[in-house]
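Subject: Handing over a structure

Hello,

I am passing a structure on to you, and I hope you enjoy looking through it. Please open it first, and then read my notes below with it on your screen.

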Amino acid sequence: MAATVYFPIYRRYKATRQQANNAMVSLLAGSALASHTLQLTEGSSRLLPEIFPAVPHIARFNLRPDAAADVLRSAGPHLATVTVPYALAIHEDYVTQCIEWVRDQFNFGLPTAVSSVMYGA
């Protein structure tokens with residue numbers, strides 16, 4: 001059994017990381033579910049906003065069901081591309097908070113944490 005970590009900054013980091021993971025997995029699963037559901041409209045020449053007018057933002061996805069299903073089936077690599085910088089931003093925020101905490105707790109002469117310093121930019 002894993003030990004409980006009482007460091008609040010780490011607990012917030014872990015919770016944020018889990019929320020981000022859940023959100024990305026839900027988008028990946030949602031795209032597969034949507035693609036699968038669009039099989040029910042196979043052969044339709046109508047656009048998605050006509051078929052699903054109650055779906056928020058559907059007007060931005062103004063495609064026929066077959067074209068929309070193709071886009072949804074290929075969503076995985078695009079979601080992965082978005083997820084990597086998102087995960088890095090969450091980790092960067094955690095590291096920055098830890099550095100700030102150490103600096104404030106121990107009065108070290110550490111500079112303010114800046115991402116350009118962290119990444120050597």
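Arg64 and Asp66 are joined through their side chains by a salt bridge, with 3.1 Å from N to O. Please keep in mind here and throughout that this is a predicted model. Both partners are partly exposed: Arg64 has a relative accessible area of 39%, and Asp66 has a relative accessibility of 42%.

How many salt bridges are there by this rule? The count comes to five. Another one of them ties the side chain of Arg46 to that of Glu50, at 3.4 Å from N to O. Here too the two residues are partly exposed, with Arg46 at 46% relative accessibility and Glu50 at 43%.

Then there is the salt bridge between the side chains of Arg73 and Asp70, where the distance from N to O is 2.4 Å. These two residues sit three residues apart in helix H3, a separation of about one helical turn. In an α-helix there are 3.6 residues a turn, so residues three or four places apart point the same way. Arg73 counts as exposed, at 53% relative accessible area, whereas Asp70 is partly exposed at 45%. Finally, Glu100, Arg103 and Asp104 are connected in a network of salt bridges.

Now for the overall picture. The protein contains five helices and zero strands, and its pattern along the sequence reads α-α-α-α-α. It has 121 residues, of which 19% count as buried. Taking the contacts between residues at least 6 apart in sequence, 44% join residues at least 24 apart.

H3 spans residues 65-73, and Pro65, Ala68, Ala69 and Leu72 are buried in it. Why do they lie on the same side of H3? They cover an arc of only 100 degrees around the axis, and that places them on the same side of the helix. What do the buried residues of H3 pack against? Their partners are helix H1 (8-37), helix H2 (48-51) and helix H4 (75-106).

Ser35 belongs to helix H1 and is buried, with 7% relative accessible area. Setting aside neighbours within four places in sequence, Ser35 is in contact with Ala69, Leu72 and Arg73. Ala69 and Leu72 are among the buried residues of H3, while Arg73 is the exposed residue that forms the salt bridge with Asp70.

A pair of aromatic rings is described by the distance of the centres and the angle of the planes. How many aromatic pairs does the structure hold? There are five. In one of them, the ring centres of Tyr10 and Tyr13 are 6.1 Å apart and the planes are at 50 degrees, so this pair is tilted. Tyr10 and Tyr13 are both in helix H1, three residues apart, or about one turn of the helix. Are they buried or exposed, or in between? Tyr10 is partly exposed, at 24% relative accessible area, and Tyr13 is buried, at 12%.

Tyr13 has a further partner in Tyr94: their ring centres are 4.2 Å apart and their planes are at 20 degrees, so this pair is stacked. The pair links distant parts of the chain, since Tyr13 is in helix H1 and Tyr94 is in helix H4, 81 residues apart. Tyr94 also counts as buried, with a relative accessibility of 17%. One more group to find on your screen is the aromatic cluster formed by Phe7, Trp101 and Phe106.

Note on methods. Residues are numbered from 1 along each chain as its sequence is written. This is a predicted model: local features need pLDDT of at least 70, side-chain atom pairs count only at pLDDT 80 or more; totals for chains, interfaces and linings use all residues. Side-chain values use heavy atoms; hydrogens and water are left out. Buried means under 20% relative accessible area, exposed over 50%, partly exposed in between (1.4 Å probe, protein chains only). Helices (H or I, at least four residues) and strands (E, at least two) are DSSP runs, numbered from the N terminus. The arc is that of the directions from the helix axis to the C-beta atoms. Contact means heavy atoms within 4.5 Å. A salt bridge is a side-chain nitrogen of Lys or Arg within 4 Å of a carboxyl oxygen of Asp or Glu. Rings of Phe, Tyr and Trp (its six-membered ring) pair if their centres lie within 6.5 Å; planes under 30 degrees apart count as stacked, over 60 as edge-to-face and the rest as tilted.
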